[in-house]
Amino acid sequence: MSNKYILEMDSISKEFPGVKALNNVQFRVKKGTVHALMGENGAGKSTLMKILNGMYSPDSGVIKFKDKEIKLRSPYDAIMMGISMIHQELSPVPHMTIAENIFLGREPSIGKTGIVKDREMEEKTRKLLEDLDIRLDPRTKMKDLTIANMQMVEIAKAISYNSELIIMDEPTSAISEKEVDHLFKIIRSLKEKGVSIIFISHKLDEIFKIADEVTVLRDGEYIATEPIENITKEKLIEMMVGRELKHMFPKEEAEIGEVIFEVKNFTKKGVFYDINFKVRRGEILGIAGLMGAGRTEVVESIFGINKPDTGEVYVKGKKVRINSPADAIKNKIGLITEDRKLTGLFLPLSVRDNIIMASVDRYTKGEFIEGKKVDDACETMRKRLKIKTPSLDQIIKFLSGGNQQKVLIARWLLTYPDILILDEPTRGIDVGAKAEIHKLMVKMAQQGKAVVMISSELPEILGMSDRVIVMHEGRITGELSRGEATQDKIMMYATGLAKNI
Ligand SMILES: Nc1ncnc2c1ncn2[C@@H]1O[C@H](COP(=O)(O)OP(=O)(O)OP(=O)(O)O)[C@@H](O)[C@H]1O
Ligand SMILES: [Mg+2]
């Protein structure tokens with residue numbers, strides 16, 4: 001009788017300096033199934049997958065693939081055996097085309113000359129994208145793609161190896177609902193062909209939609225494996241956080257005061273038009289919309305990253321000139337960007353440096369940085385946000401994805417902004433930490449600050465906002481009070497089917 005498991009990982013342990021990332025973990029995937037791997041930020045999911053992909057070698061443990069014990073020395077080994085991986089952190093080569101990225105390191109070439117057959121490569125890519133119904137031109141440069149499309153290319157690349165086991169580490173954290181549906185279609189057709197998928201995501205709805213089985217890790221320990229029909233959302237959360245989580249959206253009342261932030265007539269041709277909104281003290285304003293509606297571009301223009309064609313910003317009734325992020329910070333505006341790796345984090349620097357970066361001035365006396373004060377401030381943030389790191393000296397690139405996001409939030413909280421703008425603040429963040437970040441937003445509002453939150457997750461928008469504005473194709477199409485807002489109404493405005501402005 002053949003084994004029903006395609007993969008069996010047993011007693012896997014892995015230690016990094018100061019961190020026991022995995023302790024005696026077991027992980028078994030049945031042939032032709034979608035297996036979700038769940039756990040809080042830093043639980044060890046990516047580490048386990050990087051071991052399976054040959055990037056890390058385990059300190060101990062056994063890996064059996066198709067009933068045979070295997071040793072993986074590199075990702076190349078893994079691919080040759082039929083295991084490929086979509087990484088959590090995208091690493092496209094920006095100046096290369098889609099085709100070049102997909103065939104990187106295995107370009108079809110003419111004999112031994114090394115001359116790449118560009119045509120052939122493009123043709124193969126075109127066929128691959130077509131089969132997956134991904135509508136992109138193989139000759140487009142990676143740098144010209146949106147993050148969502150880069151992710152789709154990454155997915156296509158992993159599939160192009162014709163692997164029997166595909167690991168997807170948070171493939172949906174940067175794509176819209178439509179693209180998630182598309183990905184799920186691809187996953188289902190792979191499954192029909194007998195391919196097994198390991199799927200990592202912090203979005204519980206997705207897990208219940210696509211997974212056959214789920215394995216939970218907590219703090220590097222194996223907790224359990226269950227068929228999806230045997231568990232509920234509540235049960236799954238409890239398995240992940242080790243306790244019951246009562247309030248998913250801990251919104252509390254704050255006293256709403258005068259307008260302290262106003263955006264007037266913001267237009268950038270081809271991107272957004274006529275953007276007008278006000279935010280009051282104590283208010284959380286949600287900006288809803290589909291991905292690509294122009295929300296990120298608007299807040300980046302407010303913050304001085306891009307220049308709008310026209311438009312004015314008022315802080316506490318005074319018109320302010322913002323030509324750069326430094327100007328925005330001076331006017332007490334903070335922005336937590338949606339893509340931490342491209343625009344937020346300095347990967348080779350320490351956790352401390354990354355936290356302190358935007359508020360160094362406050363901790364400088366003459367020429368000296370006051371180390372003790374810096375450490376105290378960072379330590380407070382580390383505790384408040386429960387940032388999982390062995391020390392403040394740790395280089396940030398070694399933190400798990402969700403913990404990197406927390407560092408970014410810590411940075412902006414330390415600038416004590418009056419207006420805090422958060423662009424998809426809880427993307428890639430586990431349920432427990434998500435509630436922590438929401439609590440912080442409430443606290444800021446209660447301290448009389450204005451909070452602006454862009455989110456593509458409707459439950460988050462509905463759960464946290466006092467007021468919601470909705471964007472569609474670069475324009476504001478709707479505004480709803482907390483009492484009026486519903487998923488259906490927001491979707492009508494977000495898809496352009498209705499308008500109330
Ligand atoms: N190369 C590394 N060097 C040092 N520590 C590491 C390294 N990679 C991971 N870690 C640590 O190991 C632990 C597990 O991290 P891992 O990335 O596997 O978590 P995760 O479950 O994928 O979390 P997330 O949901 O945030 O992506 C974390 O504490 C992390 O900081
Ligand atoms: Mg991870």
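Reader: How far apart do the C-alpha centres of domain 1 and domain 3 lie?

Author: This is a predicted model, in which local features need pLDDT of at least 70, side-chain atom pairs count only at pLDDT 80 or more, and totals for chains, interfaces and linings use all residues. Residues are numbered from 1 along each chain as its sequence is written, and chains are lettered from A and ligands numbered from 1 in the order in which they are written. Domain bounds come from an automatic or database domain assignment, with domain 1 at 5-92 + 145-241 and domain 3 at 344-416. Between their C-alpha centres the separation is 30 Å.

Reader: How many residues does the contact take from domain 1, and how many from domain 3?

Author: Two residues are in contact if their C-beta atoms, placed from the backbone, lie within 7 Å. Under that rule the contact takes ten residues from domain 1 and eight residues from domain 3.

Reader: Which residues come nearest to ligand 1?

Author: A residue is near a molecule or strand if its C-beta atom, placed from the backbone, lies within 6 Å of it. The shell draws at least three residues from each of domain 1 and domain 3. Of the 20 residues around ligand 1, those that come nearest are N41, S46, T47, S400 and G402.

Reader: Which elements give two or more residues to the shell around ligand 1?

Author: Helices (H or I, at least four residues) and strands (E, at least two) are DSSP runs, numbered from the N terminus. With two or more residues each, the elements are β2 (19-30), α1 (45-52) and α14 (401-413).

Reader: Why is α1 largely enclosed by the rest of the structure?

Author: A residue is buried if 20 or more other C-beta atoms lie within 10 Å of its own, exposed if 12 or fewer, and partly exposed in between, with C-beta atoms placed from the backbone. Among the buried residues of α1 are S46 and T47. The helix is largely enclosed because the buried residues number eight of the eight.

Reader: Over how many bridges do β13 and β16 pair?

Author: β13 covers residues 259-268 and β16 covers residues 310-315. V263 stands opposite V313 in β16. The two strands pair in the antiparallel sense, and the number of bridges is five.

Note on methods. Two strands pair if DSSP finds at least two bridges between them.
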